Amino acid sequence: MPIQFGDISFVTANVPRLRAFYEAVFGGRAEGDDYHGGLAVGGTHFTFVDVAALRESSAFHYVSSGGANNVIFSFGVDNVDAEYQRLLSLGTEMLNQPTTHPWGARSFQFKDPDGNVLNFRRRPQ
């Protein structure tokens, strides 16, 4: 499988508030809880993630809410570890190593040359 656009992740201090806003703007019903949720809109998926919950994991030491680093562009990949090694060989600025998270996804994050955060992830099967 080639790399595929996954979702736009919003890092926030208030997941329910942001989730309700996007439900009102785009329609539909978001899934999830007060710490992690998602809303499918057409071919796009919005993910809402609690900044405090992310900071509990050393893999997400770089996150903030508000300002820079509060939006993460996510892409689905077949093999997270192979992609990590491939990007390392290109000299990519990595933010962490591949990690399997409590919700089952395995991912790592890195920066583009302008400092934007990208996430390569394999969702649980």
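Modeller: A cavity is defined on a 1 Å grid over the protein atoms alone, as a set of points where a 1.4 Å probe fits but cannot get out; lining residues have an atom within 4 Å of a point. Grid points are joined across faces, edges and corners, and a volume is the space filled by probe spheres set on the points. This is a predicted model, in which local features need pLDDT of at least 70 and side-chain atom pairs count only at pLDDT 80 or more, while totals for chains, interfaces and linings use all residues. Residues are numbered from 1 along each chain as its sequence is written, and side-chain values use heavy atoms, with hydrogens and water left out.

Colleague: How many cavities of 30 Å³ or more does a search of the whole structure find?

Modeller: Rolling a probe the size of a water molecule over the atoms shows where empty space is left. Here the search finds 1 cavity of 30 Å³ or more. The volume of the largest cavity is about 150 Å³.

Colleague: Which residues that line the largest cavity are closest to its centre?

Modeller: Of the 16 lining residues, those are Ser9, Phe60, Trp103, Asn119 and Arg121. By class, the lining has 7 nonpolar, 8 polar and 1 charged residues (Ala, Val, Leu, Ile, Met, Phe, Trp, Tyr, Cys and Pro count as nonpolar, Asp, Glu, Lys and Arg as charged, the others, Gly among them, as polar).

Colleague: How many helices and strands does the chain have?

Modeller: Helices (H or I, at least four residues) and strands (E, at least two) are DSSP runs, numbered from the N terminus. The chain has 3 helices and 9 strands, in the order β-α-β-β-β-α-β-α-β-β-β-β.

Colleague: Which residues make up the largest nonpolar core?

Modeller: In soluble globular proteins, nonpolar side chains tend to be buried together. A nonpolar core is a set of buried Ala, Val, Leu, Ile, Met, Phe, Trp, Tyr and Cys residues joined through side-chain atoms within 4.5 Å. Buried means under 20% relative accessible area, exposed over 50%, partly exposed in between (1.4 Å probe, protein chains only). The largest core here has 10 residues: Ile8, Phe10, Val15, Leu18, Tyr22, Ala30, Leu39, Val41, Phe46 and Phe48. H1 gives the largest share, 3 residues.

Colleague: Is glutamate 23 buried or exposed?

Modeller: Glutamate 23, in helix H1, is buried because its relative accessible area is 16%. Leaving aside neighbours within four places in sequence, glutamate 23 is in contact (heavy atoms within 4.5 Å) with Gly28, Arg29, Ala30 and Leu39.

Conventions
On a 1 Å grid over the protein atoms alone, a cavity is a set of points where a 1.4 Å probe fits but cannot get out, and a pocket is an open set with protein on both sides within 12 Å along at least five of seven lines; lining residues have an atom within 4 Å of a point.
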